[in-house]
Amino acid sequence: MADVGRAVTRAPVVWYYQLTSDFTTTVRYESPIRFWHSRSNRLARASSGDRRGLNLSIGSDERTWGSQCGYFTSYVVTLPLKLVTAPVIDAFGKSAWDNMSRRTQTMFRSPAEFERPAMTNEIRVARRRVGEPAQGAVAQLMQALEDFIAADPSNHYSITLIGHSMGTIVANEMVLTHPGLAYSNIVYMGAACNVSDFANAVIPCLERNTNAHFYNLTLHPSPRRGRRSGPGWISHRVAVCWNG
């Protein structure tokens, strides 16, 4: 019942974001002159090489005019169904998302670590828990990897960390809790993590390790509206490389 109420009350907000996202994407990328002009500016900034930080290059839209007409037709035909189902997905998907996020956290901190101890020894157990390493499976794996590398004086290790979808949430936590590992490449594909979590975890790590590179693969802003599968879905992507 709470999810149903959420769907009803949030419907105007969901429709607003649905329509404004589609409209702004169409205005920004469906005009070839506007698109190529903005793309040339981005490429010029990316190739300047006189600044530290993120260099961004958005690939070209390689669809034919016929394909674009097909995308537009399918969008118009399916729009009423999207408007009906979007509030339902927003409401019922929220609990599923919260559950998924919780499962990523239990990889690092098990629920048992937060159980309240018996009143007889509550203070003693609380003091013992302070500073204890995380007991989750991934946390133990990362700690074992860090100890293994630290014990090897050759220091010839190079780590490539790849995360896809929910895996990027896990990767954020891995980098946040173990920023000193020898990351050489961090690759995110269709990231489900939000920008603030990425900024708090990955960017400080890249700033400390200037030899590391970060790559982000995602759908091109224009064809992503169709969510269609096939080679065209894969070819349109945004590559972001951290230039230290």
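This is a predicted model: local features need pLDDT of at least 70, side-chain atom pairs count only at pLDDT 80 or more; totals for chains, interfaces and linings use all residues.
**Overall architecture**

The protein chain contains eight helices and five strands. Read from the N terminus, these elements follow the order α-α-β-α-α-α-β-α-β-α-β-α-β. Of the 244 residues of the chain, 30% count as buried. Among contacts with a separation of 6 or more, 71% are made by residues 24 or more positions apart.

**Strands 3 and 4 and the connecting helix**

Strand 3 (residues 183–189) pairs with strand 4 in the parallel sense, over five bridges. One of the residues involved is N185, whose bridge partner in strand 4 is H213. Together with helix 7 (residues 195–208), the two strands make a right-handed β-α-β unit.

Strand 4 (residues 213–217) has two faces along which its side chains alternate.

Helix 6 (residues 167–177) is largely enclosed by the rest of the structure, because eight of its 11 residues are buried. The buried residues are T168, I169, V170, A171, N172, E173, M174 and V175. Their cover includes helix 3 (65–106), helix 5 (137–150), strand 2 (159–164), strand 3 and helix 7. For M174, leaving aside residues up to four places away in sequence, the residues touched are F108, V138, M142, L161 and Y183.

H178 lies in the loop between helix 6 and strand 3. The relative accessibility of H178 is 7%, below the 20% cut-off, and therefore this residue counts as buried. The side chain of H178 is joined to that of Q143 by a polar contact of 3.4 Å. With residues up to four places away in sequence again left out, H178 touches A139, M142, Q143, E146 and Y183.

**The largest nonpolar core**

The largest nonpolar core has 27 residues, of which M174, Y183, I186, Y188, F198, V202 and F214 touch the most other members. At least two residues of this core come from each of helix 5, strand 2, helix 6, strand 3 and helix 7. Helix 7 supplies the largest share, six residues.

**Aromatic pairs**

The structure holds five aromatic pairs. A pair of aromatic rings is described by the distance of the centres and the angle of the planes. Two of the pairs involve F214, and their values are set out below.

| Pair | Centre to centre | Angle between planes | Geometry |
|---|---|---|---|
| Y188 and F214 | 5.3 Å | 80 degrees | edge-to-face |
| F198 and F214 | 4.8 Å | 40 degrees | tilted |

The pair of Y188 and F214 links distant parts of the chain: Y188 belongs to strand 3 and F214 to strand 4, 26 residues apart. Both Y188 and F214 are buried. F198 is buried, as is F214. Y188, F198 and F214 form one aromatic cluster.

The three residues of this cluster are also among the core residues that touch the most other members.

Conventions. Residues are numbered from 1 along each chain as its sequence is written. Side-chain values use heavy atoms; hydrogens and water are left out. Buried means under 20% relative accessible area, exposed over 50%, partly exposed in between (1.4 Å probe, protein chains only). Helices (H or I, at least four residues) and strands (E, at least two) are DSSP runs, numbered from the N terminus. Two strands pair if DSSP finds at least two bridges between them. A crossover is right-handed if, with the strands pointing away from the viewer, the path from the first strand over the helix to the second runs clockwise. Contact means heavy atoms within 4.5 Å. A nonpolar core is a set of buried Ala, Val, Leu, Ile, Met, Phe, Trp, Tyr and Cys residues joined through side-chain atoms within 4.5 Å. A polar contact is a pair of N or O atoms within 3.5 Å; within protein, one must be able to donate a hydrogen and the other to accept it, and residues adjacent in sequence count only if both atoms are side-chain atoms. Rings of Phe, Tyr and Trp (its six-membered ring) pair if their centres lie within 6.5 Å; planes under 30 degrees apart count as stacked, over 60 as edge-to-face and the rest as tilted.
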